[in-house]
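Here is a short briefing on one protein model. Look at the structure, then read the points by topic.

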Amino acid sequence: MTQLLFRNFRMLEPELEELQDGFELLVDGETIREASDKPIKAAKADAIDCGGRTLMPGLIDSHVHVCLSEVNIRFLEAVPLTLMTARAAELMRAMLDRGFTTVRDTGGADWGIKTAVEQGSIPGPRLFIAGQAIGPTGGHSDPRRRTDFGRRCHCCNAMAFTMCVSDGVSEVRKAAREQMRQGADHVKLMMSGGVASPYDPLDSLQFSPDEVSAAVEEAHAFGRYVCAHAYTPEAITRAAKVGVRTIEHGNLIDEPSARLMAEKGMFLIANLVAYYAMRERAAEFGMTREMLAKNDLVIDGGLRSLEICKRAGIPVAYGSDLLGALQVDQSREFVIRREVVPPIEIIRSATIIGAQILRMPGKLGTLKPGAYADLIIVDGDPLKDLALFQDQGRHLAAIVKGGKFHKNRLN
């Protein structure tokens, strides 16, 4: 196994409040073997001089869509699966270039593209998948035109491939089982209206408690969990009462629904950057006036939702949820959140909290021995300047995933 010995850096271990000086870090194969404030003896290791930069764990984005390459979801109807895959490869490489060594796909990516990354056929982050996002007829996973009736074979195009429409307890149960049969790490349900879907009101409640309970029961039986797209307090409360583990978005959360989430030990995955990017540029990529009107309803609640969750003690993970060409803004979430959240807490949202959501604490989002050697080396101190994560990775001197350099301009 290849050994790498990193020297001359300031260490950012997210559990701590500030950078640590005088450390060395030894990577053995794909994991971290040792981090020490004393010289490490490793005669066979390749020594890497970090030039006084900041060494920290690779970033985790807990809400992405690598296969949704169009800002207007309906345009995916004209995208064949071959083109969908080629675009996903390009989007994933760009995520890795930005220092995101792990991402959690919340609807669209399948076991095939995950395997391609694992086998090295496609460069990209570690990929945790939901398979198809599951929603009811007329809900957030149903982008059909009103002149469309019935369902289409999911092998036809990217829109049909990435989304699933299910109605009733038995259908939802079967759909959840099918995603897990196909290798899903988590099951994604749509429980309120959404911005990028054409006809569902934002405050609509999608799926009955019995339908959600069926998915939760199946996920638990398979050793997985349910994550729910939900904006409103009513949708969040419904999800919390029946055992959903994570709420995606949650912009309109209120104090009572936040307290319930905290009591249930739930997580929130916020993704404020998506709404800013859609307001600014989505129209030029085909997002409709009706969708953008719904975006205006949730954008102002984003920062307020972070404050409510902080008071309630809810762990909030880093998410972006950007579609297609807007994904270039993935790292902008850091600078948006700093208006209400301290830098170390934002970094924790993209490291240790993300690892908790993925149920891999101690393996991801940390520099502790035994963790995967997913590292980034930053030109400066991110605790003082979160903008160092921007500019498509320009301020990252090195990116290491699983003990192998994806990028290296150090030596």
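C309 is buried, at 0% relative accessible area (buried is under 20%, exposed over 50%, partly exposed in between, with a 1.4 Å probe and protein chains only). The model is predicted: local features need pLDDT of at least 70, side-chain atom pairs count only at pLDDT 80 or more, and totals for chains, interfaces and linings use all residues. Residues are numbered from 1 along each chain as its sequence is written, and side-chain values use heavy atoms, with hydrogens and water left out.

**Cysteines**
- A disulfide is a pair of cysteine sulfur atoms within 2.5 Å, and the count here is zero.
- C309 is in no disulfide; its nearest cysteine sulfur belongs to C227, 16 Å away.
- C164 is buried too, with a relative accessible area of 13%.

**Around G370**
- G370 sits in the loop between helix 13 (352-357) and strand 16 (375-378) (helices, H or I of at least four residues, and strands, E of at least two, are DSSP runs numbered from the N terminus).
- G370 is partly exposed, at 32% relative accessible area.
- G370 touches T31, I32, G362 and K363, leaving aside residues up to four places away in sequence (contact means heavy atoms within 4.5 Å).
- T31 is 339 residues from G370 in sequence, yet their C-alpha atoms are 5.8 Å apart in space.
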